[in-house]
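User: Hi! I'd like to go through this model with you, one question at a time. Could you start with any term I need?

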Amino acid sequence: MVKSFLIGFFRGLNLLLHNPSKVIWICLGLILVNLIVDGSIFRLVRLYKDQEKIQAQMSQLNGRLAELKSRLKRARDPAFMEKEARDRFDLVSKGDLVFVFSEEEAPD
């Protein structure tokens, strides 16, 4: 029984091996199954997704970098520095009119 099964199996295998197109399809199928079982395809898909995320972050950071470079260029302008000093630190220049209000308590 086992002997006849083995003889039939090897005859079928011999016929299969004499047909190159079937051998190629079987090999491709085995490679695909191996890639799926190994997880390589899933890792490759994840890597592509990570690449897209990183590229989006890079473009966002490049935009931020351009904005900061522009601000740095403006900050070197003396007129901009004077305006910022006036706005942030309440500084005045010579000849400016300054109003000083006293803080009084409101009557009860």
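Analyst: Happy to! Helices here are DSSP runs of H or I with at least four residues, numbered from the N terminus. Keep in mind that this is a predicted model.

User: Thanks! How far does H4 reach from its first C-alpha to its last?

Analyst: H4 has 12 residues, and at 1.5 Å a residue a span of 16 Å is expected. The model comes close to that expectation, with a reach of 16 Å.

User: Which helix gives the most to the nonpolar patch?

Analyst: The patch has an area of about 960 Å², and its residues include Trp25, Leu32 and Phe42. Two helices, H2 (20–38) and H3 (40–75), each supply at least two residues. With seven residues, the one that gives the most is H2.

User: Is Trp25 buried or exposed?

Analyst: Trp25 lies in helix H2. Its relative accessible area is 64%, and the cut-off for exposed is over 50%, so Trp25 counts as exposed.

User: What kind of aromatic pair do Phe9 and Phe10 make?

Analyst: The count comes to one aromatic pair. The ring centres of Phe9 and Phe10 are 5.3 Å apart, and their planes stand at 70°. Planes over 60 degrees apart fall in one class, so this pair is edge-to-face.

User: How far apart are the closest N and O atoms of Arg64 and Glu67?

Analyst: Both residues lie in helix H3, three residues apart, about one turn of the helix. In general, residues three or four places apart point the same way, because an α-helix has 3.6 residues a turn. Arg64 and Glu67 form a salt bridge, with their closest N and O atoms at 3.4 Å.

User: And which residues are linked with Glu82 in a network of salt bridges?

Analyst: The structure holds six salt bridges. One of them joins Arg86 to Glu82, with closest N and O atoms 3.2 Å apart; both residues lie in helix H4, four residues apart. The network links Glu82 with Arg86 and Asp96.

Terms used. Residues numbered from 1 in each chain as written. Predicted model: local features only at pLDDT ≥ 70, side-chain atom pairs only at ≥ 80, totals over all residues. Heavy atoms only, no water. Patch = residues over 30% accessible without salt bridge, like charges linked within 9 Å, V, L, I, M, F, W, Y side chains within 5 Å. Areas by Shrake-Rupley, 256 points an atom, 1.4 Å probe, with all protein chains shown as cover. Salt bridge = Lys/Arg side-chain N within 4 Å of Asp/Glu carboxyl O. Buried < 20%, exposed > 50% of the residue type's maximum accessible area, 1.4 Å probe, protein only. Expected span 1.5 Å × (residues − 1). Phe/Tyr/Trp six-rings, centres within 6.5 Å; stacked < 30°, edge-to-face > 60°.
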